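Thanks for coming. I will go through one structure today, from the overall fold down to individual side chains.

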Amino acid sequence: MNDNTQDKKRGLGEEACWDKYIRGELNEQQTGQAEALLLHDDEALAAYMAALDEHEQELPGLRQEEAFIEDVMHKISVQGHAQQVRESTEPLTRKSRLREHPLFNYVIAASITLFLLSLGAFDHLNSGTTDRILPLSTEPSVSKQIMDKTAGWIDQLKP
């Protein structure tokens, strides 16, 4: 036990202090000191419990015990629910911002496409239907024409 705790104990007058504390006869400063003693000193707690046992018959009983228990449980559940709401609000906004990002949507679409390609889902799409829709042409494709023009232009720039 440290010197500060001993000073508080001496200032409260040990045995009489707990009787007065139980009856609510101490001023605010003395009450604060007594509560600090209860938190930090095991001997003071034991003395308080002994004094409480002595005065048990004098103390009023708890009226409507069931209502008190229900009220306490309700307050605990309301506080727990409020804390859960606070904790779940921040991640929700973060998740919604992530889902709105274009890169996220692109990655999801690319993943689904690769998955379907690996399963061969697109193999049946080209089963001869393009011959009927677009006739085969002998002309080079547009991309080939663009590549040829670009290559020619680059060749002209070279010294």
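How many helices and how many strands does the protein chain have? It has eight helices and zero strands. Keep in mind throughout that this is a predicted model. From the N terminus on, the order of elements reads α-α-α-α-α-α-α-α.

Some totals for the chain. Of the 159 residues in the protein chain, 11% are buried. The accessible surface is about 14,000 Å², and carbon and sulfur atoms account for 57% of that surface. As for contacts, take those with a separation of 6 or more: 52% of them are between residues 24 or more positions apart.

Which residues make up the largest nonpolar core? There are eleven in all: Cys17, Trp18, Tyr21, Ile22, Leu26, Ala34, Leu37, Leu38, Ala44, Tyr48 and Ala51. Three helices each supply at least two residues of this core, namely helix H2 (14–23), helix H3 (28–40) and helix H4 (42–54). H2 gives the largest share, with four residues. As general background, nonpolar side chains in soluble globular proteins tend to be buried together.

Leaving aside residues up to four places away in sequence, leucine 38 touches Trp18, Tyr21, Ala44, Leu45 and Tyr48. Of these, Trp18, Tyr21 and Tyr48 are also linked to one another through ring pairs, as a cluster.

A search of the whole structure finds three aromatic pairs. In one of them, tryptophan 18 and tyrosine 21 are edge-to-face, at 5.9 Å centre to centre with 90° between the planes. Both of these residues, tryptophan 18 and tyrosine 21, sit in helix H2, three residues apart, about one turn of the helix. Are they buried or exposed? Tryptophan 18 has a relative accessibility of 3%, so it counts as buried. Tyrosine 21 is buried as well, with a relative accessible area of 19%, and the cut-off for buried is under 20%.

Tyrosine 21 also pairs with tyrosine 48: the ring centres are 5.7 Å apart and the planes are at 70°, so this pair is edge-to-face. Why does this pair tie together parts that are apart in sequence? Because tyrosine 21 lies in helix H2 and tyrosine 48 in helix H4, the pair connects parts that are 27 residues apart in sequence. Tyrosine 48, at a relative accessible area of 18%, is buried.

Next, charged side chains. The structure holds two salt bridges. In one, the side chains of aspartate 71 and lysine 75 meet at 3.6 Å, N to O. Aspartate 71 and lysine 75 are both in helix H5, four residues apart, which is about one turn of the helix. The relative accessible area of aspartate 71 is 37%, so that residue is partly exposed. Lysine 75 is also partly exposed, at 47% relative accessibility.

The side chains of lysine 144 and aspartate 148 meet in a salt bridge too, at 3.8 Å, N to O. Why are these two separated by about one helical turn? Because lysine 144 and aspartate 148 are four residues apart in helix H8 (residues 142–157). Lysine 144 has a relative accessible area of 46% and is partly exposed. For aspartate 148 the relative accessibility is 44%, so aspartate 148 counts as partly exposed.

Which residues make the nonpolar surface patch of about 440 Å²? The patch consists of Phe68, Ile69, Val72, Met73 and Ile76. Isoleucine 76 lies in helix H5, which covers residues 65–100.

Last, a loop. Where does phenylalanine 122 lie? Phenylalanine 122 is in the loop between helix H6 (102–119) and helix H7 (129–133). With a relative accessible area of 36%, phenylalanine 122 is partly exposed. Not counting residues up to four places away in sequence, phenylalanine 122 touches Thr113, Leu116 and Leu117.

Notes: Residues are numbered from 1 along each chain as its sequence is written. This is a predicted model: local features need pLDDT of at least 70, side-chain atom pairs count only at pLDDT 80 or more; totals for chains, interfaces and linings use all residues. Side-chain values use heavy atoms; hydrogens and water are left out. Buried means under 20% relative accessible area, exposed over 50%, partly exposed in between (1.4 Å probe, protein chains only). Contact means heavy atoms within 4.5 Å. Accessible areas come from the Shrake-Rupley method with a 1.4 Å probe; for residues, only the protein chains shown count as cover. Patches are made of residues with over 30% relative accessible area and no salt bridge: like charges are joined within 9 Å, nonpolar side chains (Val, Leu, Ile, Met, Phe, Trp, Tyr) within 5 Å. A salt bridge is a side-chain nitrogen of Lys or Arg within 4 Å of a carboxyl oxygen of Asp or Glu. A nonpolar core is a set of buried Ala, Val, Leu, Ile, Met, Phe, Trp, Tyr and Cys residues joined through side-chain atoms within 4.5 Å. Rings of Phe, Tyr and Trp (its six-membered ring) pair if their centres lie within 6.5 Å; planes under 30 degrees apart count as stacked, over 60 as edge-to-face and the rest as tilted.
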